[in-house]
Amino acid sequence: MQHFLSLTEHSAQDILHLLDLALTIKQDFKMGSGKPLLQGKTLAMVFQKPSLRTRVSFDMAMIQLGGQALYLSPQEIQLGKRESVADVSRVLSRYVDGIMARVFAHDDILELAKYASVPVINGLSDLNHPCQGLADLLTIVEHNGSVQGQRIVFIGDGNNVARTLMFGAALLGADFVAASPEAYVLADNDIKLARQYAESSGGKVTLIGDPMKAVKGANVIYTDTWTSMGQEMEAEERRKSFARYQVNESLVSLSAKDCIVMHCLPAHRGEELTDQVADGPNSVIFDQAENRLHAQKAILVALMG
């Protein structure tokens, strides 16, 4: 692995290797026998968007692996404004051992990687969220034993998180179902590509408009905020469009008995997810949040170790 920009740039075997590595690193950490696998290494963390989980999980991952992380705020960097993305990439490459960036435009991630002489990690872009995706797959493996053969249902906006989950599920042989309002479905070209992966892995990719039909037999129900960062002007319109796509107790009751409910957080409780589900017996959202730490440790070790 040279960079970690998208799950689709890696084979199913690569992803399974990262999951195995994450499980090992997590177990060692829990037993108090974690090794300083990145002793003396430094990660630059470039942020255009604020974040709780991305900031803290990468920072703590580097510390727990024996290295250190350097936080660079939007005001300090201003990618493409104060200085070109290419020049930022070249300069940081002379100072640090790796770059993680959380950006708006995916093209900025691609340009950082193009000009970097060190590994670049996509901490989030408008196109996908591969670190979240790996943590999601790790959570499914821990709770359900495997991704292969699972019925994974995403309820809500066909956004970067939904796209990443779809590709991860398709690569690893799951039955992926997306339920979204017509105006917010995943793009046709993404569906086509995911179906190609699913054909090779034995998985399946389906779009179902009715969330109640979508969750029947689901092993995993996943939802995300209806209004992502930068879409605040659309919030009221989106609330109306997504009203019937709320993950509540009635919807969860239609799934498999041991179905797990996932959300990448932050959650708008009372909108896409009710308190009763978020804090209920099916919820694994905080295990999922914790797994950002361990999944990202695996990425960091694979790239910088």
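Here is a short exchange on how some terms apply to this predicted model.

Student: What should I know about the numbering and the model?
Tutor: Residues are numbered from 1 along each chain as its sequence is written. In this predicted model local features need pLDDT of at least 70, side-chain atom pairs count only at pLDDT 80 or more, totals for chains, interfaces and linings use all residues, and side-chain values use heavy atoms, without hydrogens and water.

Student: Why is glycine 173 called buried?
Tutor: Buried means under 20% relative accessible area, exposed over 50%, partly exposed in between (1.4 Å probe, protein chains only). Glycine 173 has 4%, so it is buried. It lies in the loop between helix H7 (160-171) and strand E6 (175-179). Helices (H or I, at least four residues) and strands (E, at least two) are DSSP runs, numbered from the N terminus.

Student: Which residues is glycine 173 in contact with, leaving aside its neighbours within four places in sequence?
Tutor: Gln148, Gly149, Ser201, Gly202 and Gly203. Contact means heavy atoms within 4.5 Å.

Student: Why are H6 and H7 called oblique to each other?
Tutor: The axes of H6 (residues 130-144) and H7 cross at roughly 50 degrees. Axes are lines fitted to C-alpha atoms, for helices over the stretch in contact, and angles run from 0 to 180 degrees between N-to-C directions. Under 35 degrees counts as roughly parallel, over 145 as roughly antiparallel, 65 to 115 as roughly perpendicular and the rest as oblique. H6 and H7 are therefore oblique.

Student: Which residues make that contact?
Tutor: Pro130, Gly133, Asp136 and Leu137 of H6, and Thr164, Leu165, Gly168 and Ala169 of H7.
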